[in-house]
Every structure is written in structure tokens, then in C-alpha cells.
Amino acid sequence: MFKFVRELIESFKEGVAEGKSELESERLAEYAPYEAALKVGEQCSPTVENLALALSCPFRSVLTSGVPLRLMEFGHLGGSEVESLRKLLRRDFGLEEAAGVSNVLDALEEAHDEEGNLARSVFLAGIDLYVLTSAVEVGYLSFHEVEALCRDKINFISIHADSWRQFGQLFMEGECINNFIGRRFLKKSVQSLLEEDTSPWRIFSWESIPRVLGSVP
């Protein structure tokens, strides 16, 4: 009788230990992507790729899901997410292949129709980067093919904003393509990007942008 009770207690203890071990493994697995995101920030400075994606984030964070690294590096979206992004490019921009990217950029350039509307221009530059980085993500183009264009858009934004916060403010002020609900999602995205520890907007300093672009030593 007592032997049975002792065995039952030992079995219970083993079960608790196994449960704790499983919970710890799950916790570590869940934390790993965040740890990886923070390690990206430990490099000397961001890359042009990092910055192009970071400035695409108001839309990228709303329209994709998954690990934080997806907001600062290519290749972290699942197959279904890539296909979903491909459908969004087709739906929103009529973009289905590499040849169509320049047409979309030209159309966006024509939308700069209000002289002196800085917020609108910053917003459209952010959309340009979203289109360019999404085209890379779905395999229409390589980043090497669009890097010069990305540099140009990043430089434009960095000249007209002096912080991630001001970029977010100008982006939302100039936003002109969404309805009320869409704007609410974007506003929430911008706020999260400014506050979350694993956001590229927190990891990469705004002051690093001109150094990456080579405009300052």
C-alpha cells in the first residue's frame, strides 16, 4: 500500500518535472526569434536591406505576421504568407511580374501632385519601398536589382524626417489610400513600431541612416 503511494508520488513528481521542462522548452522556442531580432541590432550598423524593410514596416507589419525578423530581413515569411503577399501586390497595384514594378513606381511618382505636401511625399516614398521590398520577397526581383532605387527613397525620407517618430507622423499625415478602418490599423502599427523592443524602429537608430547611405563619414 505505502509502496504504491510512494510510486504514485514519484510518478507525479516526474510528471511535474517533465511539464516544467516542456514549458521551458516552449518558452525558449518562443523567445528565440526575439533574441535573434535583438542580435541583428548588435551589428555595427544596419544594411540598406534592413533600412528598406524598416521603412516599409507600417504596411509590412500589418500585412504579414510571424517572427520580428520579418520586419528587417528577407526570407522570414512562410510559403502561404509569400503567396498572400503576391495576391496583395496583384490586388492593390496590378503587379504580377518584375516588368510591372517600374510601371507601379511611375504611377506612384505621378501621385506626387501636390507641391509642398511633404507628408504626402514621405508617405508615397514609404509605399515605393513597400512595393520594392515586397517584389523582392515574392521573387519578382533580387534586392541587388532594386537597391539603388531603395537607396534613393531611403535618402529622401531621411532628409525630410529627423526621427522614426517624425517619419511615422508624416507617414500617417500623408496616408491617402485607406478607409477609416485601414487607417486605424496603420496607426496602431506605427505606434507598435515606436514602442516594441523588437521593432526595427527601436533597434536601428535614425542617425545610422546617413552613415549607411554613405552621406556622412
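## A residue in helix α6

L129 lies in helix α6; here helices (H or I, at least four residues) and strands (E, at least two) are DSSP runs, numbered from the N terminus. With a relative accessible area of 0%, L129 is buried. Buried means under 20% relative accessible area, exposed over 50%, and partly exposed in between (1.4 Å probe, protein chains only).

This is a predicted model, in which local features need pLDDT of at least 70, side-chain atom pairs count only at pLDDT 80 or more, and totals for chains, interfaces and linings use all residues. Residues are numbered from 1 along each chain as its sequence is written, and side-chain values use heavy atoms, with hydrogens and water left out.

Not counting residues up to four places away in sequence, L129 touches A52, L55, S56, C150, K153, I154 and I157. Contact means heavy atoms within 4.5 Å. The C-alpha atoms of L129 and C150 are 6.3 Å apart in space, while the two residues are 21 residues apart in sequence.

## The protein as a whole

The secondary structure comes to eleven helices and zero strands. Along the sequence, the pattern reads α-α-α-α-α-α-α-α-α-α-α.

The protein has 217 residues, of which 41% count as buried. Its accessible surface comes to about 12300 Å², and 53% of that belongs to carbon and sulfur atoms. Accessible areas come from the Shrake-Rupley method with a 1.4 Å probe; for residues, only the protein chains shown count as cover. Taking contacts between residues at least 6 apart in sequence, 68% join residues at least 24 apart.

## Helices α6 and α7

Two packed helices are described by the angle between their axes and the distance between the axes. The axes of helix α6 (residues 118-137) and α7 come within 10 Å and cross at roughly 160°. That makes α6 roughly antiparallel to α7. Axes are lines fitted to C-alpha atoms, for helices over the stretch in contact, and angles run from 0 to 180 degrees between N-to-C directions. Angles under 35 degrees count as roughly parallel, over 145 as roughly antiparallel, 65 to 115 as roughly perpendicular and the rest as oblique.

The crossing of α6 past α7 is left-handed, a term for a near helix turned anticlockwise from the far one by less than a right angle, with right-handed used if clockwise. On the α6 side, the contact is made by L118, S121, V122, A125, G126, D128, L129, L132 and V136, and on the α7 side by F143, V146, L149, C150, K153, I154, F156, I157 and H160. These residues divide into 13 nonpolar, three polar and two charged. Ala, Val, Leu, Ile, Met, Phe, Trp, Tyr, Cys and Pro count as nonpolar, Asp, Glu, Lys and Arg as charged, and the others, Gly among them, as polar.

## Two further buried residues

V146 is found in helix α7 and, at 2% relative accessibility, counts as buried. Leaving aside neighbours within four places in sequence, V146 is in contact with L132, V136 and L141.

S134 lies in helix α6. At 1% relative accessibility, S134 counts as buried, and S134 touches L85 and L89, not counting residues up to four places away in sequence.

## Helices α2 and α7

Helix α2 (residues 48-55) also packs against helix α7 (residues 143-160), at an angle of about 60° and with the axes 9 Å apart. The two helices are therefore oblique to each other. The crossing of α2 past α7 is left-handed.

From α2, the residues in this contact are V48, E49, L51, A52 and L55; from α7, they are F143, E147, C150, R151, I154 and I157. They divide into eight nonpolar, no polar and three charged.

The buried residues of helix α8 (residues 164-174) are W164, F167, G168, L170, F171, M172 and G174. What covers them includes α2, α3 (57-63), α6, α7, α9 (180-195) and α10 (200-203).

W201 has its place in helix α10 and counts as buried at 4% relative accessibility. Not counting residues up to four places away in sequence, W201 touches A54, C57, P58, W164, F167, G168, V190, L193 and L194. W201 and V190 are eleven residues apart in sequence, and their C-alpha atoms are 9.5 Å apart in space.
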